[in-house]
Amino acid sequence: MPVFDFRNTPDTKTDNRNNSICTYTTFRTNDSVTSPEKPILILDNHIQPWKHHSCGVFSNPGSRTAFEFNEEGGTVSADILQLDARFVSLIKWIGENHISVRLSGANRPDGYAVYKIREIAFGGGTKLSAEDGFLQYMIDRLLASSAPSEEAEDDDQDEIGDDMKLTSLQSITDFITCAGKTLPENVRLWARRNLAVARSHEVTPEERRHAQRALSIMMNIQWKNDYFESIDPVEARRILDEELYGMERVKQRIIETIIQINRTHTLPAYGLLLVGPAGTGKSQIAYAVARILKLPWTTLDMSSINDPEQLTGSSRIYANAKPGIIMEAFSMAGESNLVFIINELDKASSGKGNGNPADVLLTLLDNLGFTDNYMECMIPTFGVYPIATANDKSQISAPLMSRFAVIEIPDYTPEEKKIIFSRFALPKILKRMGLKEEECVVPDDALDTVIEIYAETSGIRDLEQAAEHMAANALYQIEVNHVPKVVFDPEMVRELLS
């Protein structure tokens, strides 16, 4: 059981009066919202029931883990009985800095259940100001975190904080201290090492700058666990039907993946590789899956990546060093759980730099951790779900192929193309141009001609372009020739599109 000790030097006295007394037990929860039923901590209320809003300070737990209420008759102390394991380090930090706070809670048979903590003091030795918002920022981050997997231990760290923003070195220090073991173990150890470099005067200013920049990037990422909430298959099917016409086998495979996540509450071991002709909606499927998973997504366009260093970042030995695209994606998303949409994976083998960019993806796809040369730390990737697209899977190496569940995306049949053109492509473009459906009419014989012209092309991009061309021509005739509507016949279609 951890015991708070806020003193800067270890207690060498043997007097029992100087021994720390821990009055509480910790409980573990992953709840992201607090309430009287789901509190942050519980205080003893057998002396008296406490007010809904109560002010005071956490007493120095070097003596006893308690909260000192500022009552009309003076200060009254109440022991901490239970404490959310995620908040152990934060409560220690609040007490260490003697920050006056206001608690919001409710009296229950087992104690005073505190579900909100707000700072109320300005100056006077405090490390924060209420308008700075750091305390609330920390509470929100901890609520979004997962409970530590083991009992938090006193690491005897002399971490201090100030009233700077999180991007400053001191705010980063505060965050590392308060987050405690809610951070992944390797990230926490890495942060301490880099914090030492950023503070040191025995290294060059350039090294200190790089260390502080890397810390700022890493600490602004919400490191989540690998537990995923259940997804409604009916809603998932609705999204797929909204985004895609037909493709029943593809939709069935995606729904199967959703059912698997619901049973295991973890992502599948393999990502999805969507293989098919250009223009068949592979990227659209990937975006739909990200929407179903309710995760942020980022894209890697492998056709434009010619050097592995673009993905892995550059070493800090260079003055202009920076993280790679993958690390920047984590930073932009702000969390470790996200969908990586890897476009044109079959183009990755054409690297012109010092190596094959595709090889860099192997560790990312294995979900064992990705190492960025600039960060110099293994990034946990168990929350990454990769979805790749390709036109020709024969151009993808066997090691890469083995990391994916392959879904073949067939080309559309002529009948499917007719339905997509008449029900989706043309109405969407008419709406965008401000035309009514009766102003641009494409009868069946004209529609057959459109499909015939593009019979040899794959996908529906050419059909969408044809719909836009025809709508633009109809708009021209209505505006210039002042006709009430345009009805296309086969000859008009051939003359316009051929």
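**Exercise 1. Is the crossing of α3 and α4 left-handed or right-handed?**

Solution. The model is a predicted one, in which local features need pLDDT of at least 70 and side-chain atom pairs count only at pLDDT 80 or more, while totals for chains, interfaces and linings use all residues. Residues are numbered from 1 along each chain as its sequence is written, and side-chain values use heavy atoms, with hydrogens and water left out.

Begin with the elements: helices (H or I, at least four residues) and strands (E, at least two) are DSSP runs, numbered from the N terminus. Helix α3 covers residues 169-179 and helix α4 residues 185-199, and they pack at an angle of about 155° with axes 11 Å apart. Axes are lines fitted to C-alpha atoms, for helices over the stretch in contact, and angles run from 0 to 180 degrees between N-to-C directions. The two helices are therefore roughly antiparallel to each other, a term for angles over 145 degrees.

The crossing is left-handed, meaning that the near helix is turned anticlockwise from the far one by less than a right angle. On the α3 side the contact (heavy atoms within 4.5 Å) is made by L169, T173 and I176, and on the α4 side by A191, L195, A198 and R199.

**Exercise 2. Find the order of the strands in the open sheet of five strands, and the helices that pack on this sheet.**

Solution. The order is β9-β10-β13-β8-β14, with parallel pairing; two strands pair if DSSP finds at least two bridges between them. At the edges lie β9 (297-301) and β14 (404-408), each of which pairs on one side only.

Helix α8 (residues 282-293) lies across β8, β9, β10 and β13, and runs at about 165° to β13.

**Exercise 3. Locate G133 and decide whether G133 is buried, partly exposed or exposed.**

Solution. G133 sits in the loop between β7 (111-119) and α2 (134-144). Its relative accessibility is 29%, so G133 counts as partly exposed, the class between buried (under 20% relative accessible area) and exposed (over 50%), with a 1.4 Å probe and protein chains only.

Definitions and conventions. Parallel < 35°, antiparallel > 145°, perpendicular 65-115°, else oblique.
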